Each structure stands twice: as structure tokens, then as C-alpha cells.
Amino acid sequence: MIEITSANIEKAINKARQTKPFVKVIEFRRYQVTNKATGATYEVKFTKINNTKYAECNCKATVICYHIGASVGVHIVLAEQLHTATA
Ligand SMILES: [Zn+2]
């Protein structure tokens with residue numbers, strides 16, 4: 001698991017904007033990210049512990065990768081919808 005910071009997630013989101021992978025929701029906090037060019041699919045998970053956010057991806061990267069960057073946009077929208085639903 002890697003801690004998400006505003007700096008590393010911004011980098012990952014920028015990379016995702018260039019790569020434009022396809023993100024599929026498996027369940028809340030679990031996403032499947034497919035690179036449309038290569039067909040490679042990875043799974044991203046988000047975790048929150050004591051207000052610190054973590055993410056992990058099963059690709060080779062040991063940093064916040066663009067798969068996480070691509071998923072986080074979907075994740076934020078879902079989190080807001082769930083929050084609204086339970087409010
Ligand atoms: Zn990855």
C-alpha cells in the first residue's frame with residue numbers, strides 16, 4: 001500500500017489523462033483498469049486508515065501509478081454519491 005499525497009496523485013492523474021485507460025468498478029474502493037492500447041488489466045484498491053488514504057495496484061509500479069490516477073476520479077464521484085445517499 002502506498003500513501004496518497006496531493007503531489008503523487010496529481011502526477012498519476014496527469015499520466016492517466018494521457019493514457020486514458022478504461023476504469024470499471026468492481027465494488028466501492030475496488031476498480032479494474034484496462035490499458036486500451038495493450039489490453040493489460042490491473043486491479044486498484046483504495047483504503048482509508050485514520051484519515052490517511054492509501055492505494056495499491058497489482059501492476060509492477062511501486063509508486064502511485066496512472067492506474068490509481070485513473071481510478072481516483074471514479075472513486076471520488078462514487079464516494080460523493082454514497083455520501084449523499086446515506087446523508
Ligand atoms: Zn498500476
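**Strand pairing and an aromatic pair**

Modeller: E3 stands opposite Y54 in strand 5. The model is predicted, so local features need pLDDT of at least 70 and side-chain atom pairs pLDDT 80 or more, while totals for chains, interfaces and linings use all residues. Residues are numbered from 1 along each chain as its sequence is written, and side-chain values use heavy atoms, without hydrogens or water.

Colleague: What makes strand 1 and strand 5 partners?

Modeller: Two bridges join strand 1 to strand 5, and the two run antiparallel. Pairing requires that DSSP find at least two bridges, a strand being a DSSP run of E with at least two residues, numbered from the N terminus. The pair therefore meets the criterion.

Colleague: In what order do the strands of the sheet stand, and why do strand 1 and strand 2 count as edges?

Modeller: Five strands form an open, antiparallel sheet in the order 1-5-4-3-2. Strand 1 (2-3) and strand 2 (22-27) each have a single partner strand, so one side of each lacks a neighbour in the sheet.

Colleague: Why is the pair of Y31 and F46 called edge-to-face?

Modeller: The structure holds one aromatic pair. Its ring centres, in Y31 and F46, are 5.8 Å apart and the planes stand at 65 degrees, so the pair is edge-to-face. Rings of Phe, Tyr and Trp (its six-membered ring) pair if their centres lie within 6.5 Å; planes under 30 degrees apart are stacked, over 60 edge-to-face and the rest tilted.

Technical notes
Helices (H or I, at least four residues) and strands (E, at least two) are DSSP runs, numbered from the N terminus.
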